[in-house]
Amino acid sequence: MKLMVKKNGGSWSYIDDNGAVQKELHVDEAFNFSEGMAMIRLYSCIGYINEKFKVVVEPKYGVYSSCFKEGRAVVCTPKAFDPNVQKYGYIDKYGKEVIPLIFEYANSFSEGVAGVQKNDKWGVIDTRGNLVIDFKYDMLSDCVNGLFLFAIDYKIGIMDKRGNELAVSKKIDEDIFHEDIYDLFFNFENLQLVKEKDADWIIETNQGKVKLIRG
């Protein structure tokens, strides 16, 4: 049975495939289930419930927390504590903080790895929190089909999950890099990675193409 969430006046309801209400929650916001868990928001704090509608994690995390992917959810400290030192980490489905909230930002897990930011640089960890790619990148995408898009020193490139840089662009104009690079090249909804003639890679976006020379 698939449950969908729907706002109903001042409450939120989870309904089944037939439209029958299975549970009504009096919270400020409720979200759809992912991997058997759903976020709920009370005031400016996020918590989690399971499919039996039991509160597994009381609302205590910041609003930039995420749904569960690969058994982990990104959680962050509430901004009300101090927006200048907001930290990110990960919890499991029991609500245990399995990876401490020590990062400046964190992506959801994809293919067993996730990009995390520390000291303004991005690296990659596994689901146990082990560092698998050093903190040296300026930007880092999610892992898609075993590949990351990265940005470093005004260049963009492609690397695998072991950190092997497969291709890198020439230096990009600094104004374009800072203003447009994320929207143009790091949105996988509008991006394809195309390998050509075993030599060059092309990044195709809805804004055009960028050619990367194989490393």
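This note sets out numbered points on the strands, a pocket, the cysteines and selected backbone angles of a predicted model.

1. Basis. The model is predicted: local features need pLDDT of at least 70, side-chain atom pairs count only at pLDDT 80 or more, and totals for chains, interfaces and linings use all residues. Residues are numbered from 1 along each chain as its sequence is written, and side-chain values use heavy atoms, with hydrogens and water left out.

2. Strands here are DSSP runs (E, at least two residues; helices are H or I runs of at least four), numbered from the N terminus, and two strands pair if DSSP finds at least two bridges between them. Five bridges join S1 to strand S2 (residues 11–15) in the antiparallel sense, and Val-5 stands opposite Tyr-14 in S2.

3. Four-stranded sheet. Another open sheet, of four strands, has the order S8-S9-S10-S11 and antiparallel pairing. Its edge strands are S8 (68–69) and S11 (97–103), each of which pairs on one side only. S8 pairs with strand S9 (residues 72–76) in the antiparallel sense over two bridges. In this pairing, Phe-68 is placed opposite Ala-73 of S9.

4. Strands S13 to S15. Strand S13 (residues 113–118) and S14 pair in the antiparallel sense over six bridges, with Ala-114 opposite Ile-125 in S14. S14 also pairs with strand S15 (residues 131–137), in the antiparallel sense over three bridges; the bridge partner of Ile-125 in S15 is Leu-131. Strand S14 (residues 121–126) is mostly covered, as five of its six residues are buried (buried means under 20% relative accessible area, exposed over 50%, partly exposed in between, with a 1.4 Å probe and protein chains only). Two residues separate the strands in the hairpin of S13 and S14, where Asn-119 takes a positive phi near 55°. The hairpin of S14 and S15 has four residues between the strands, and there Gly-129 takes a positive phi near 90°.

5. Positive phi in two loops. Glu-111 is not a glycine, yet has a positive phi of about 60°. This residue lies in the loop between strand S12 (105–106) and S13, and Glu-111 counts as partly exposed because its relative accessibility is 32%. Asp-153, likewise not a glycine, has a positive phi of about 50°. Asp-153 is found in the loop between strand S17 (147–152) and strand S18 (155–160); with a relative accessible area of 52%, Asp-153 is exposed.

6. Cysteines. A disulfide is taken as a pair of cysteine sulfur atoms within 2.5 Å, and by this rule the count comes to zero. For Cys-76, the closest cysteine sulfur is that of Cys-45, 9.5 Å away, which is too far for a bond. Cys-76 is buried, at a relative accessible area of 0%, whereas Cys-67 counts as partly exposed at 29%.

7. Second largest pocket. A pocket is defined on a 1 Å grid over the protein atoms alone as an open set of points with protein on both sides within 12 Å along at least five of seven lines; a cavity is a set of points where a 1.4 Å probe fits but cannot get out, and lining residues have an atom within 4 Å of a point. The second largest pocket holds about 160 Å³ of space, the volume being that filled by probe spheres set on the points, which are joined across faces, edges and corners. Its lining includes Tyr-64, Val-74, Tyr-88, Tyr-105 and Asp-142. By class, the lining has five nonpolar, four polar and one charged residues (Ala, Val, Leu, Ile, Met, Phe, Trp, Tyr, Cys and Pro count as nonpolar, Asp, Glu, Lys and Arg as charged, and the others, Gly among them, as polar).

8. Ala-167. Strand S19 (residues 165–168) contains Ala-167, which counts as buried at 1% relative accessibility. Ala-167 and Gly-157 are ten residues apart in sequence, with a C-alpha to C-alpha distance of 5.3 Å.
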